[in-house]
Each structure stands twice: as structure tokens, then as C-alpha cells.
Amino acid sequence: MTRIVALGSCVVDLVFRMPRLPGRGETLFAESAGLFPGGKGLNQALAARRLGAETAIIANVGDDMLGEYLIRLLEAEGVDVRHVVRDAANGTGFAAPIVFPDGGNSILSAPRANLALAPSVVEGAGAAIAAADALLLQFEAPMDANLAAARIAKEAGTRVLLNPAPVIPHPPELLGLADVLVVNEVEAAMLAGGDDPGAQALALLAGRELAVVTLGEGGATFAARDGSVAHVDAFAVDAVDSVGAGDAFCAALAVALCEGMNAASAVRFASAAGALAVTVAGAATSLPVRAKVEQLLAS
Ligand code: ADP
């Protein structure tokens with residue numbers, strides 16, 4: 001069985017559907033609202049698990065009710081939560097995405113405990129990282145924790161898939177340790193410049209196994225180790241909500257590569273997972289199970 005370790009954020013999203021932003025001093029009722037699990041670490045771990053991988057997560061949540069909720073949810077799906085710390089000093093992270101009638105959004109974000117994930121916790125999970133086939137990293141975790149994990153993975157020969165989202169200041173060494181890089185259009189422009197996805201993928205390849213630029217419903221362009229550049233069209237689906245597409249894509253790409261698929265097949269598998277994630281509202285709720293991905297690939 002493929003073994004994946006994800007490191008990264010676990011938050012609770014309080015989603016408000018609002019006619020508009022309230023003004024200062026104003027109270028405005030939501031049209032509807034909901035509470036959802038989220039965070040790139042949690043989403044990618046759940047996605048990998050649902051695609052059939054034995055999955056563990058390294059994360060920091062608060063020693064509080066929201067942290068308990070997230071841990072129970074991960075556990076219920078079969079994700080190994082031994083390396084999730086209940087931090088007594090920092091509360092569980094949460095965010096309040098405000099969704100407007102046209103589908104646009106503004107987000108209030110309080111990462112809290114996520115920013116306190118310590119490198120010592122990562123080192124404590126060193127055996128799990130070393131035994132894994134792939135390590136999934138994003139930029140919603142402290143850079144020293146990411147770096148500690150990537151170094152352990154490199155040393156042990158565990159494939160490192162980095163999704164540098166959102167792009168924030170980071171140690172160049174971290175990008176250098178990534179075997180696989182997955183960026184969306186915005187991140188590609190920030191990290192590689194220009195606006196040609198093929199050129200961006202090639203620039204980001206820089207000797208690694210694979211670099212992918214995801215383009216939403218425009219599909220995904222990738223550069224493979226031999227320097228070849230190719231494009232995979234998006235699967236035509238009824239899009240409901242794009243939240244979670246990138247996380248599903250990253251986790252699926254890791255699972256596929258670790259199962260031995262070549263770059264083109266792995267990107268196609270990941271595209272199917274990404275497409276399915278946009279057909280259901282929410283993030284964690286929309287991450288597809290393996291059978292659904294295989295069904296779409298066969299259709
Ligand atoms: P992010 O969520 O990180 O911005 P993208 O929006 O680029 O990432 O989506 C990641 C991948 O998910 C895309 O490359 C594509 O394969 C798939 N995807 C995203 N949106 C759609 C869509 N509307 N229809 C079909 N596939 C989609």
C-alpha cells in the first residue's frame with residue numbers, strides 16, 4: 001500500500017454566505033452559514049486517504065473543542081493522527097470565508113496553532129516520513145517545520161511534493177528539496193514570472209522529477225524530468241465550487257506517482273481528482289474517493 005505523510009494546516013472554516021460585507025459598526029445577517037473542516041494539510045491528507053493511501057498527518061491544533069473535532073474527523077476517515085499535537089498555548093486555527101452572491105469571496109483567517117507547529121514535532125515523526133513513499137508540503141505551515149520534514153524525506157529517499165501555496169517568503173533550500181512542484185496560475189506567475197504555462201513549468205522543473213502548473217478548468221501543463229512539456233485538458237464537469245481542487249490534485253498526483261504511473265498518467269489521474277472536487281461544495285466534503293476517480297478516467 002502506498003504510504004503518504006502530509007504536513008500542514010488543519011483549520012475550521014466558518015463559511016458565511018453574505019449579500020455584501022457589513023460596514024463598520026453594522027451587524028448583517030448571513031443568508032446561510034456552515035462549519036467545515038479545512039486547511040491544506042487536512043485536505044491533502046484526507047484526499048490521499050480517500051484515494052487509497054495509508055496516510056498520516058503532522059499538524060498542530062489547539063487543546064480545545066475545535067481541535068478535538070478535527071482530530072476525530074481525521075481519525076474517522078482512517079488518517080493516522082499520532083503526530084497531531086494538541087497545543088495548550090495556541091488555539092485551533094479557524095477562518096471565516098465570506099461568500100458573495102456572485103461566488104466571489106473574502107476570507108478572515110486566523111491560523112493560530114498552525115503557525116506554532118514545531119520542528120521538534122516533525123523530528124518526532126521522522127520515522128513515519130522516512131518510511132513513507134511521499135511527503136506532502138504546502139506553505140500554510142511554518143517554514144522551519146517544512147524544511148525539517150523535507151530534509152528528513154530527502155535523506156530517506158521519500159519523494160517530496162511541494163505545493164507552495166500561498167506564496168509567501170520561504171527558504172530557497174525548500175524549493176530545492178522538492179521532487180515534485182505543483183503551482184496554480186497565480187503561484188506560477190509569482191515563482192517563475194511570465195504567463196506561458198509551458199515556459200513556467202520548464203523554469204520550475206530545474207532538475208526535479210516533475211513541475212506542474214494547474215490552470216483550473218484550463219487543465220494542467222507539466223514539465224517532466226526529461227525536459228518534455230505536455231498539457232492535460234481538464235475533465236468536463238458541472239463546476240459547483242472550486243475549493244479543494246488544488247488539494248485533491250496534489251494528493252492524487254502523489255498517490256499516482258508512488259504507484260508507479262508515469263508523469264502523463266499521474267497528471268491525468270490528478271486532473272480527474274481535481275475535477276471531481278469542483279462538483280461538490282466545500283473542501284473536505286468534495287475530496288473524491290478512488291472509485292469515483294477511476295470511473296471518471298474510464299468514462
Ligand atoms: P487551485 O485550487 O490550487 O487554484 P486549480 O484551480 O488550478 O488549483 O485546480 C487544480 C486542478 O483541478 C486543475 O488543473 C484541473 O485539473 C482541476 N480543475 C479545477 N477546476 C476545474 C473545473 N472547473 N473543471 C474541471 N477540472 C477542474
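Start at the second largest pocket, which holds about 200 Å³ of space. A pocket here is an open set of points on a 1 Å grid over the protein atoms alone, with protein on both sides within 12 Å along at least five of seven lines. Its volume is the space filled by probe spheres set on the points, which are joined across faces, edges and corners. The model is predicted: local features need pLDDT of at least 70, side-chain atom pairs count only at pLDDT 80 or more, and totals for chains, interfaces and linings use all residues. Residues are numbered from 1 along each chain as its sequence is written, and side-chain values use heavy atoms, with hydrogens and water left out.

Select the pocket lining: Arg 3, Ile 4, Val 5, Glu 54, Thr 55, Ala 56, Asp 80, Arg 82, His 83, Ala 128, Ala 131 and Ala 132. Lining residues have an atom within 4 Å of a point. Helices (H or I, at least four residues) and strands (E, at least two) are DSSP runs, numbered from the N terminus. Color by class: 6 are nonpolar, 2 polar and 4 charged. Ala, Val, Leu, Ile, Met, Phe, Trp, Tyr, Cys and Pro count as nonpolar, Asp, Glu, Lys and Arg as charged, and the others, Gly among them, as polar.

Next, the cavity. The structure holds 1 cavity of 30 Å³ or more; a cavity is a set of points where a 1.4 Å probe fits but cannot get out. Select Gly 8, Ser 9, Ala 59, Asn 60, Asn 114, Leu 117, Glu 140, Ala 141 and Pro 142 to see the lining of the largest cavity. That lining has 4 nonpolar, 4 polar and 1 charged residues.

Two backbone stops follow. Most residues other than glycine have a negative phi, and most peptide bonds are trans. Go to Arg 112, in the loop between strand S7 (105–110) and helix H3 (119–124). Its phi is positive, about 45 degrees, although Arg 112 is not a glycine. Then go to Pro 166, in the loop between strand S9 (159–163) and helix H6 (172–177). The peptide bond from Ala 165 to Pro 166 is cis, with omega near -10 degrees.

Now the helix pairs. Show H9 (residues 245–258) and H10 (residues 263–277): their axes come within 7 Å and cross at roughly 150 degrees. H9 is therefore roughly antiparallel to H10. Axes are lines fitted to C-alpha atoms, for helices over the stretch in contact, and angles run from 0 to 180 degrees between N-to-C directions. Angles under 35 degrees count as roughly parallel, over 145 as roughly antiparallel, 65 to 115 as roughly perpendicular and the rest as oblique. The residues in contact (heavy atoms within 4.5 Å) divide into 13 nonpolar, 2 polar and no charged.

The H1 and H9 axes come within 8 Å and cross at roughly 45 degrees, so H1 is oblique to H9. Lys 40, Asn 43, Gln 44, Ala 47 and Ala 48 in H1 meet Asp 247, Ala 248, Cys 250, Ala 251 and Val 255 in H9. This contact has 6 nonpolar, 2 polar and 2 charged residues.

Finish at H7 (residues 185–192) and H8 (residues 197–205), whose axes come within 10 Å and cross at roughly 60 degrees. Select Ala 188, Ala 189, Leu 191 and Ala 192 in H7, which meet Gln 200, Ala 203 and Leu 204 in H8.
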